[in-house]
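Visitor: I have a model open and would like to go through it with you, one topic at a time. Could you put it up on the screen?

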Amino acid sequence: MSKNKIYFRPIQPKDYKALEQIISDTWNYERFCSSKTARKMARLYLASCLANQTFTCVAVNHEEPVGILMAKNEKTHCTALRHRFLQAFAILSMILSKEGRTVCKLFEGIDKLDQALLAESGRNFDGELAFFAVRQDQRGTGIGKALFQRGINYMHDENIQDFYLYTDSTCNYGFYEHQGMQRLGHRQHSLNPHKNETMSFFLYAYHFLDELS
């Protein structure tokens, strides 16, 4: 069996389909909606991340995207108009159906919860780790740690003092603690009261101590 041939590069449009599948699988969108709407939701999530990032890094294994990290320098204006267009098109595609509108409302609630966690922290951050995911069959291989380190390197090179990220109990949030991040907030939220389905949502932060001063 040949060894893995893994390398890292910025995102390319040809990666979108594979990354949308990683998104859908990671957050299991199909538990909320049909497979068709789940695909649309994954497309919207990716487009929204792309529209608000200043750094991307894709892990590629045998020419197939298997992981993604996006970061944002809050001091830099995002000017990717093409990504804004993709985001607007993805929103339109979702709201054209009743199911799509219902799912959008659900995730709008999660966005508000995330913003509340950030406000409760009382902190102002220079950066955000906006999106980080690894394909399920590639976890535990070191790809996630390598991607995360590239995000750290980007923040360091941009003279960012500290950054934050949102995560939830569907993800391996303990990973961030092992990478030196501090949990600043935690809330539980019911996604589907009829099914008594509750998830935990977290805010984590990373501080570069005094090495940038």
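This is a predicted model: local features need pLDDT of at least 70, side-chain atom pairs count only at pLDDT 80 or more; totals for chains, interfaces and linings use all residues.

Visitor: Let's start with Gln-87: is it buried or exposed?

Guide: Gln-87 counts as buried, because its relative accessibility is 16% and buried means under 20% relative accessible area, with exposed being over 50% and partly exposed in between (1.4 Å probe, protein chains only). Gln-87 lies in helix 3, where helices are DSSP runs of H or I with at least four residues, strands are E runs of at least two, and both are numbered from the N terminus. Residues are numbered from 1 along each chain as its sequence is written, and side-chain values use heavy atoms, with hydrogens and water left out.

Visitor: What is Gln-87 in contact with, leaving aside its neighbours within four places in sequence?

Guide: Gln-87 is in contact with Leu-44, Ala-47, Ser-48, Ala-51 and Asn-52 once those neighbours are set aside, contact meaning heavy atoms within 4.5 Å.

Visitor: And Leu-81, buried or exposed?

Guide: Leu-81, also placed in helix 3, counts as exposed, because its relative accessibility is 68%. From C-alpha to C-alpha, Leu-81 is 37 Å from Glu-197, and 116 residues separate the two in sequence.

Visitor: Switching topic, what is the mean pLDDT of the protein chain?

Guide: The mean for the protein chain is 89, and 92% of its residues reach 70 or more; pLDDT is the predictor's confidence in each residue, from 0 to 100. Confidence is highest in strand 2, at a mean of 97, and lowest in strand 6 (residues 182-192), at 85.

Visitor: Now the largest nonpolar core: which residues touch the most other members?

Guide: Ile-11, Tyr-29, Leu-46, Ile-68, Met-70 and Phe-131 do, out of 38 residues in that core. A nonpolar core is a set of buried Ala, Val, Leu, Ile, Met, Phe, Trp, Tyr and Cys residues joined through side-chain atoms within 4.5 Å. Among the elements that give two or more residues to this core are helix 1 (16-27), helix 2 (35-50), strand 3 (64-73) and strand 4 (127-134). There is also a second, separate core of 25 residues, which includes Ala-59, Leu-129, Ile-143 and Phe-208.

Visitor: What does Phe-131 contact?

Guide: Beyond its neighbours within four places in sequence, Phe-131 is in contact with Ile-23, Trp-27, Tyr-45, Leu-46, Cys-49, Ile-68, Leu-69 and Met-70. Tyr-45, which is found in helix 2, touches Phe-131 as well as Ile-23, Trp-27, Tyr-29 and Ala-130, not counting residues up to four places away in sequence. The C-alpha atoms of Tyr-45 and Ile-23 are separated by 8.0 Å, with the two lying 22 residues apart along the chain. Tyr-45 counts as partly exposed, because its relative accessibility is 24%.

Visitor: What about the phi of Asn-28?

Guide: Asn-28 has a positive phi of about 50° although it is not a glycine, and its place is in the loop between helix 1 and helix 2. His-62 likewise has a positive phi of about 50° without being a glycine, in the loop between strand 2 and strand 3.

Visitor: Last one: why is strand 7 largely enclosed?

Guide: Strand 7 is largely enclosed by the rest of the structure because nine of its eleven residues are buried. Seven bridges join strand 7 to strand 5 (residues 162-168), and the two run antiparallel; strands pair if DSSP finds at least two bridges between them. Leu-165 stands opposite Tyr-204 in strand 7.
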